[in-house]
Amino acid sequence: MNVMWLAVLAAAEGEGGSMGPFQVEFGLIFWTWLVFFALMFLLYKFAWPALVQATEEREKKITAQLAEAEKAHAEAKAALADGKKVAAESRASAQQLLTDARQAAETERTAVLERARKEHEDLLERARRDIAAEKDKALVALRHEAVELSLAAASKLIGQRMDSDTDRRLVTEYLDSVEIKH
């Protein structure tokens with residue numbers, strides 16, 4: 001490493017200028033900022049709208065699924081109310097019947113309530129599973145997009161196409177090492 005620095009310093013002295021690690025070169029600074037802002041403009045123009053659109057579409061799907069779950073919940077409440085109404089009518093008519101008819105009406109009421117509760121819980125659990133699955137799909141899709149964008153950006157910066165499995169594995173390992181808070 002020291003030999004390389006000596007060679008660079010010797011080459012700089014041979015050109016007539018002194019080149020040190022603390023010397024400011026405004027030409028290099030200018031071109032670095034120009035490339036940086038050009039890259040930021042391209043990412044803002046092309047990558048950001050696609051990511052925002054994909055995220056909004058996922059959000060709309062999840063919102064629609066939540067609305068369906070709420071509708072199912074309302075239907076379950078209505079079924080529960082109907083079950084309670086049927087049970088109340090059964091009790092009124094059961095007062096006129098024998099004790100056996102009264103016991104049969106109570107058994108029917110309990111079965112209707114349990115069935116309505118079970119259906120309600122099943123619908124909510126299915127909605128939660130669907131939402132979790134969509135969320136996982138969205139995270140996998142975003143991770144894949146991030147890998148592709150990272151490779152594309154790196155290939156633009158380096159000036160060559162990066163598509164080998166090693167490069168993808170390195171980017172994927174790096175993204176796996178970063179913890180996503182959700």
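Figure 1. At 44% relative accessibility, Lys118 counts as partly exposed. This is a predicted model, and in it Lys118 forms a salt bridge with Asp122. Look for the closest N and O atoms of the pair, which are 3.3 Å apart. Asp122 is partly exposed as well, with a relative accessibility of 36%.

**Figure 2. A salt bridge between Glu114 and Arg117.** Here the side chains of Glu114 and Arg117 meet, with 2.2 Å from N to O. Both residues belong to helix H3, where a spacing of 3 residues puts about one helical turn between them. How exposed is Glu114? Its relative accessibility is 39%, so Glu114 counts as partly exposed. Arg117 is partly exposed too, at a relative accessible area of 38%.

**Figure 3. Glu106 and Arg109 meet in a salt bridge.** This view shows another pair within helix H3, which spans residues 99-158. The N to O distance between the side chains of Glu106 and Arg109 is 3.9 Å; with a cut-off of 4 Å, the contact counts as a salt bridge. Glu106 and Arg109 are 3 residues apart, about one turn of the helix. Glu106 has a relative accessible area of 35% and is partly exposed. For Arg109 the value is 26%, again partly exposed; buried would mean under 20%.

**Figure 4. A salt-bridge network of Arg58, Glu134 and Lys137.** In this close-up, three residues take part: salt bridges link Arg58, Glu134 and Lys137 into a network. Side chains of opposite charge can pair when their charged atoms come close. How many salt bridges does the count come to? The count comes to 6 salt bridges, among them the Glu106 and Arg109 contact and the Glu114 and Arg117 contact.

**Figure 5. Confidence in the predicted model, from helix H1 to helix H2.** The mean pLDDT of the protein is 82, and 80% of its residues reach 70 or more. Which element has the highest mean pLDDT, and which the lowest? Among the elements of the protein, the highest mean, 90, belongs to helix H2 (residues 26-94). Helix H1 (residues 2-14) has the lowest, with a mean of 64. Where pLDDT is low, the predicted coordinates should not be read in detail.

Methods
Residues are numbered from 1 along each chain as its sequence is written. Side-chain values use heavy atoms; hydrogens and water are left out. Helices (H or I, at least four residues) and strands (E, at least two) are DSSP runs, numbered from the N terminus. Buried means under 20% relative accessible area, exposed over 50%, partly exposed in between (1.4 Å probe, protein chains only). pLDDT is the predictor's confidence in each residue, from 0 to 100.
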